[in-house]
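The sequence and structure come first.

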Amino acid sequence: MNKFNHTLPVDDEGFYGNDKRYGGAFIPQELQPNMKALADAFYEAIADPEFMGEYRRLLRDYVGRPSALYHARNLSKHYGTNIYLKREDLNHTGAHKINNALALGLLAKRMGKKRVIAETGAGQHGVATATAAALLGLECSVYMGATDVERQRPNVERMRMLGAEVVPVHSGNATLKDAVNEALMAWCQNADDTFYLIGSAVGPHPFPEMVTTFQSIISEEIRRQLPELTGHELPDYVIACVGGGSNAGGAFYHFINEPGVRLVAVEAAGHGLQSGEHAATMTLGTDDVLHGSRTLTIKDSEGNPLEPYSISAGLDYPGVGPLMSHLAKTGRMDVLAATDAEALEAAFLLTRLEGIIPALESSHALAGLAKMTFRPDDIVVVNVSGRGDKDMSTYLANMPGKKEE
Ligand SMILES: *Cc1c(COP(=O)(O)O)cnc(C)c1O
């Protein structure tokens, strides 16, 4: 634990756990003063009632929080237990990412920065960042792999309408990993006047701790809502999907030190764990430094980062945040992996039973339900990290009963 955070097992240097196996800040010497300034500003801000008051006001009046905790009776009946959905899909811009984008936007302003830069894969974080930048009067550049710019037109158009500059990245495979590299490099060159508004709980310290702290509103609300709905203080399970680990970190945060609550992470098995086409970082990864922190990463047979694959663009990342690596390797958290097909099936099941179209990412968390066994009196919380509007073309192409062409 560091002197500011008494919930996460993170020390002053951003290492997780007593073994300090994951985390840290593996960055060029010349960036170290910037990271120190960022960490100082972050710890100061979260201790400042005025900053936190403004953040909470925006969460309530702009994002629409608290997000509902919904007893999904039909889905519960299907699985023979009690399932509660945390509805991050109901947030403004349709996912949990806005919780973090607003907080970091406020922090950028507090630090006197005029411009934010961000990376994005599917464009969800780019849209959240462009939204926060429009609201807070910040200039905004979003780095996006050229392949993704083509694949994710509607989100590119949204970002441009919101006033952001979208910078296509042509290096590597021109996807998320390359966009992160490019955004980190652009930030290194302009670290004095630019704020790097990172989209997940990844990167060098203090980024993972900052993002997880600001997403912890999710579990803070669950702890308040659950007793009202169930009469029980704690759930038996909390389930979330993992790309980098920000919605999972936020949903788990206030349960990490409650050993009776089982934390379950579901990552993307893509075409299958044996296929070489997946993003199953915690199931199959090994320790390495990626994007400034030591964590679990997947590699090809030559030891280079494996080009990750998932039907869901938001889970398509070759690493994972250091908190997730720590929780996975210490056994505090169970790790499951759901294939594309399993995620699609879970999405159609939720849609037909509850009238809720989840994001493809969230469908992986829902697919976790089919891999577990529950008792009739268990209380199971599933974090629905986002809504499925952005995934409609994929869903329509895979509708059950649709004939193989
Ligand atoms: C980006 C995204 C994710 C994956 O990111 P995490 O940092 O692991 O939460 C999950 N769900 C949705 C809806 C997303 O947009």
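## A buried charged pair

R65 is buried, with a relative accessibility of 6%; buried means under 20% relative accessible area, exposed over 50%, and partly exposed in between, computed with a 1.4 Å probe on protein chains only. The model is predicted, so local features need pLDDT of at least 70 and side-chain atom pairs count only at pLDDT 80 or more, while totals for chains, interfaces and linings use all residues. Residues are numbered from 1 along each chain as its sequence is written, and side-chain values use heavy atoms, with hydrogens and water left out.

The partner of R65 in a salt bridge is E88, with 2.7 Å between the closest N and O atoms. A salt bridge here is a side-chain nitrogen of Lys or Arg within 4 Å of a carboxyl oxygen of Asp or Glu. This pair links distant parts of the chain, 23 residues apart: R65 sits in the loop between helix 2 and strand 3 (69-71), and E88 in the loop between strand 4 (82-87) and helix 4. Helices (H or I, at least four residues) and strands (E, at least two) are DSSP runs, numbered from the N terminus. E88 is buried as well, at 0% relative accessible area.

## Other salt bridges

Side chains of opposite charge can pair when their charged atoms come close. By the salt-bridge rule, the count is 26. One of them joins R110 to D48, with the closest N and O atoms 2.9 Å apart. The two ends are 62 residues apart: R110 belongs to helix 4 (residues 97-110), and D48 to the loop between helix 1 (32-46) and helix 2 (49-63). R110 is partly exposed at 36% relative accessibility, and D48 is partly exposed at 22%.

A further salt bridge, between D148 and R151, has its closest N and O atoms 2.5 Å apart. Both residues lie in helix 6 (residues 146-151), three residues apart, or about one turn of the helix. D148 is buried at 2% relative accessible area, whereas R151 is partly exposed at 48%. Elsewhere, salt bridges with shared partners connect R65, K86, E88 and E221 into one network.

## A parallel sheet

Strands of a sheet pair through backbone hydrogen bonds, either parallel or antiparallel. Here four strands make an open sheet, ordered 7-6-5-8, with parallel pairing; two strands pair if DSSP finds at least two bridges between them. Strand 7 and strand 8 (194-196) are the edge strands, each pairing on one side only. From one strand to the next, the twist averages 25 degrees. Axes are lines fitted to C-alpha atoms, for helices over the stretch in contact, and angles run from 0 to 180 degrees between N-to-C directions.

Three bridges connect strand 5 and strand 8 in the parallel sense, and V116 has F195 in strand 8 as its bridge partner. Helix 5 packs on the sheet and touches strand 5 and strand 6, its direction making about 165 degrees with that of strand 5.

N155, V156 and M159 are buried in helix 7 (residues 153-161). Seen down the helix axis, the buried residues of helix 7 fall within an arc of 105 degrees, so they line one face of the helix; the arc is that of the directions from the helix axis to the C-beta atoms. The cover over these residues includes strand 5 (115-120), helix 5 (124-136), strand 6 (139-145), helix 6 and strand 7 (165-169). After helix 7 comes G163, with a positive phi near 100 degrees.

In helix 9 (residues 207-215), nine of the nine residues are buried, so this helix is largely enclosed by the rest of the structure. Among them are F207, E209 and Q215.

S363 is part of helix 15 (residues 360-368) and is buried at 0% relative accessibility. Its side chain reaches the backbone oxygen of A359 at 2.9 Å, and a polar contact of 3.0 Å joins the side chains of S363 and Y395. A polar contact is a pair of N or O atoms within 3.5 Å; within protein, one must be able to donate a hydrogen and the other to accept it, and residues adjacent in sequence count only if both atoms are side-chain atoms. Neighbours within four places in sequence aside, S363 is in contact (heavy atoms within 4.5 Å) with A343, A346, A347, P358 and Y395.

E258 lies in the loop between helix 11 (246-252) and strand 10 (262-270), and is partly exposed at 24% relative accessibility. With neighbours within four places in sequence left aside, E258 is in contact with R223, L234 and R332. The C-alpha atoms of E258 and L234 are 8.5 Å apart, and the two residues are separated by 24 residues along the chain.
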